[in-house]
Amino acid sequence: MAKQHLYARVPAKLSMFNKTDGYDTFACSAGITEEFAVKELSYVCDIKLNPDVADDIRSGKLSPVYSQFSTRDGMLVQSCVTYLPLDYSGERSTYMVHSLISGKEEYVQFFASFEDAVINKDAFLHDLSSFNVTDPSSKSDSSYPEKPLERVRCESQNWIAETYERDLLRRFVYSVFAAISGKIKGVFVALKDTSEPTSDGFIRFINSLFKVVPFHLRPALSFATRVINPAQFSGIKLKGIAAGIDTLKVPKCAVFDFESGAFTGVKDDDVNANIQAVDFICSLFKNDALRRDFLTFADKVVAASPSLGGTSLNSLNDIICLFRCGCGFYEEKAVLPNDAKLLEVLGVYESHRRSLPDDYRVTIMRSVNRYPASRIEIPKKIFAKLQKLYPKEIPGTKHVIMNAVLDLIHTDAMRDKLFAFIKANYRDEDDTAKADIIRHLCSVFYGGFLQAQLLEFFDECFGDSSGESRDEIISKILLVIRTKSLYDQITAFLNAHYGELTPENRSKVYDTILEQLPEGDELAYRLICFADGHIESENSEFVSSFDARLIKAVNKEQSRAKHPMLEVICKTSGHCSKAVAEYVFTECAGAKIYDEFINLQLSGSFASQKRCVEYMSEFCGVNDAEKAVTLSEKAAEVMLNAKTEYSLGELIDTANEFDGSSNAFMSLVSQKALCPLVSARLTDVFARTDGTLTAEDVESFCERFAQIKKDAPYGVIENYLNFKSAVISAQNDEVFKYSEAFPRDKKLRSHIGAYAEKDIAEKVNESDVISYASFRFAVSYLKTGSFRIEDAFDELCKSRASSANDEDDMQNVFGIADKLIEVCVSIDSNQSVSPEFRSLLTYQDSGLYGMLDQLATRYEKRAVRHLESVIKPYGDEHAELVSFCRGVIRRKRNTSGGVLSAVGNAFKKLFAGIKGVFTKK
């Protein structure tokens with residue numbers, strides 16, 4: 001219901017607020033106050049009647065003016081201004097205003113109509129005949145009844161498109177919505193047909209115009225069917241005027257004369273900037289079905305997304321854009337002609353997608369199909385937008401986007417990015433979508449693209465995939481199993497998911513294994529190892545069938561010149577190898593494959609050799625003593641001639657194992673093959689510094705095998721143990737004797753020296769300088785061929801650094817030097833070593849020169865005197881050694897400038913730091 005308000009020139013007794021003769025409210029519905037009437041309705045009620053219109057009023061030429069506007073507090077006012085030739089006194093021309101005032105609840109429903117008129121002239125009073133204004137008893141009425149907003153059907157709007165020129169209508173439509181948005185102040189329009197009263201023609205026009213205006217904008221489109229002058233009805237957006245606009249100058253307003261086709265106040269650039277929206281609105285004048293669909297859409301989307309309910313041109317453009325792109329009535333090229341437009345639409349869509357019907361969302365998103373259809377990349381910004389939108393999209397749009405991505409991933413465009421997109425969203429997809437994704441990715445994988453990445457993806461999602469998807473993955477993986485770069489991943493994948501495979505898929509895997517084995521290459525080796533790891537978890541019937549087919553393949557290979565499959569099988573150690581061994585040793589004695597299998601196994605790795613001996617022991621019937629001897633000799637012959645890398649520890653452990661076996665054949669192999677192999681590698685113990693195998697362990701092993709003790713390598717072990725015993729018991733002469741007795745192999749000696757250093761050092765009494773120095777000299781000799789006396793001197797000085805004064809420190813250093821000289825003398829006296837060994841003392845790299853030079857440089861005259869006193873007693877018996885020492889000392893003493901020259905001073909500075917080392921705690 002709408003409240004009513006009536007205003008006219010009335011006698012004082014009817015004047016509601018002014019109580020005087022004149023213009024005033026004389027009737028209104030309850031609730032309309034004087035304040036409301038003054039603030040809101042004076043807008044339409046206060047009309048200045050210029051003298052130049054009096055004649056037109058009196059002659060009845062001024063037709064009623066109908067208007068609509070909204071008040072500041074959101075009420076809608078529809079009014080009719082009727083010009084009356086005479087007022088109540090019969091002396092003046094006048095007018096009356098009848099207004100209908102409705103709140104949002106009423107007018108929103110009233111405007112939500114496809115066919116009804118927005119203004120109904122029959123809803124208004126056009127004279128005062130129903131009010132007896134001259135009756136002395138008449139008075140104002142403040143409880144005038146409310147009135148319903150009456151709907152009346154109006155004619156089709158099609159006539160507008162047929163009547164008005166297209167370009168002019170375009171500009172007019174733009175101007176109307178620009179006025180609604182506030183971009184311009186208003187629009188003045190003179191209609192083309194002037195044969196009927198101005199207001200009647202404008203009512204027809206305005207009702208038809210409103211039929212293409214979205215419901216939520218209708219209250220904002222204020223209008224007046226005719227204004228006497230431009231200033232009348234200030235603030236009204238759309239005003240009717242008489243034809244002819246030549247003299248009409250209204251700033252920031254558009255003016256149209258449909259009769260002449262003239263217009264002012266509208267720029268083509270502004271129209272063109274909104275041309276899609278303008279053309280769309282114009283199309284609604286002649287397409288009822290489209291108009292209804294658009295108005296329905298706009299009403300719903302505004303209700304769901306209030307931010308679209310504003311009056312700005314941007315909001316209208318967004319609504320129209322979303323409708324055109326989503327309704328499905330337009331060719332995609334018409335609404336989304338290029339990437340820039342699509343990106344723009346996706347931006348609008350992002351803001352308002354939750355307001356759109358699902359079918360509209362799906363239709364809009366289908367635009368991305370242009371890229372897979374053209375086999376081109378999705379532009380970077382558009383793809384980024386899709387990535388952002390996707391996680392919160394509805395199933396329908398997700399399906400469209402994912403299908404586009406899956407279609408495009410089969411092309412050469414942006415596979416890496418598309419795959420990253422799929423990975424990021426896969427977990428959140430439904431089962432149907434997941435199955436579809438796997439199907440497409442399997443095809444891409446089989447095509448040779450992204451194989452490593454896809455295999456990793458399959459590995460992650462296999463456990464959660466459907467049975468059909470698992471079948472597809474397994475099938476494609478087996479088809480590309482020969483791709484060398486994927487060997488590691490494929491075998492890892494099959495190992496990881498073996499327990500999840502169906503019996504059918506496991507059969508496919510073993511079929512593939514048997515197909516690939518004849519190649520005898522790296523893949524064949526991996527597949528045999530795979531089978532070894534899993535076949536025994538299958539039922540006995542399955543295992544028997546596999547073994548039979550494996551043996552059949554081995555037999556078939558015998559017809560070929562080369563047998564790579566058999567070679568590969570012999571490199572493995574599991575079920576397959578054993579099955580073949582059992583067949584060969586139990587059924588093929590005397591056949592070519594029998595000797596070939598033995599040779600392959602025994603010529604391979606040590607693990608292969610050991611395995612072969614075990615197979616022979618199990619399957620060859622070696623309980624017969626003569627057969628055991630024959631086979632052991634055959635095994636020993638092959639093993640001793642094989643170019644196999646052996647580990648001494650493995651050899652010893654296996655020899656102990658075989659020799660301790662109750663099987664005579666294995667014991668014979670230990671004696672005839674393993675013991676010679678151990679003997680040849682006994683000294684390998686010195687190359688090991690991890691402590692897991694010691695020289696004592698080796699000696700202990702050798703004690704059980706007399707033939708090994710006769711070989712030269714055992715002598716090295718024995719000599720080392722004697723050397724070790726001499727070091728620990730401080731038999732220094734013996735230490736040097738045994739250290740020289742080792743073979744003249746530099747590498748072996750170096751290993752022995754390093755081994756001894758780790759094995760013995762902690763057992764030497766460091767407080768016994770002579771014994772410790774003897775050990776250090778011997779180790780250095782073994783490692784380098786030189787005694788390195790100076791290194792031992794530095795080491796002993798550091799370990800015995802004094803915190804006392806310089807005098808005490810000097811005496812300590814002299815004492816260490818004295819002991820080292822004493823060791824040198826003992827070596828020179830040692831008749832158990834060769835002259836060549838003794839002569840190493842006087843080689844310049846022996847370190848003796850360095851020690852003496854260092855002392856003389858540091859302590860100058862005192863060192864020289866001390867050293868001369870130390871070596872003097874040895875002069876007669878050790879002339880060569882003493883002469884060498886005196887040569888060093890004298891060179892220092894005879895240096896220009898005394899004991900130390902300028903060069904000596906430089907040495908003094910150089911060695912000054914050594915004192916800090918000697919005295920450091």
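This is a predicted model: local features need pLDDT of at least 70, side-chain atom pairs count only at pLDDT 80 or more; totals for chains, interfaces and linings use all residues.

Trainee: Is Q451 buried or exposed?
Mentor: Q451 is buried, at a relative accessible area of 13%. Buried means under 20% relative accessible area, exposed over 50%, and partly exposed in between (1.4 Å probe, protein chains only).

Trainee: And what is Q451 in contact with?
Mentor: Leaving aside neighbours within four places in sequence, Q451 is in contact with F445, V480, T483 and L486. Contact means heavy atoms within 4.5 Å.

Trainee: OK, rings. How many aromatic pairs are there?
Mentor: The structure holds 58 aromatic pairs. Rings of Phe, Tyr and Trp (its six-membered ring) pair if their centres lie within 6.5 Å; planes under 30 degrees apart count as stacked, over 60 as edge-to-face and the rest as tilted. Take F26 and F131: their ring centres are 5.0 Å apart and their planes sit at 90°, so that pair is edge-to-face.

Trainee: Where do F26 and F131 lie?
Mentor: F26 is in strand β2 (residues 22–28) and F131 in the loop between α3 (104–111) and α4 (158–163), so the pair ties together parts 105 residues apart in sequence. Both F26 and F131 are buried.

Trainee: What about F111 and F210, stacked or edge-to-face?
Mentor: Stacked, because the ring centres of F111 and F210 are 6.4 Å apart with planes at 25°. This pair links F111 in helix α3 to F210 in helix α6 (residues 198–210), 99 residues apart.

Trainee: Which charged end sits over the ring of Y426?
Mentor: That of K434, 5.4 Å from the ring centre. The rule is NZ of Lys or CZ of Arg within 6 Å of the ring centre and within 35 degrees of the ring normal. R415 lies over the face of F449, at 3.5 Å from the ring centre.

Trainee: Last topic: what is the mean pLDDT of the protein?
Mentor: The mean is 90, and 95% of the residues reach 70 or more. pLDDT is the predictor's confidence in each residue, from 0 to 100.

Trainee: Where does pLDDT stay under 50?
Mentor: Over residues 896–921. Among the elements, helix α43 (residues 902–919) has the lowest mean pLDDT, 40.

Conventions: Residues are numbered from 1 along each chain as its sequence is written. Side-chain values use heavy atoms; hydrogens and water are left out. Helices (H or I, at least four residues) and strands (E, at least two) are DSSP runs, numbered from the N terminus.
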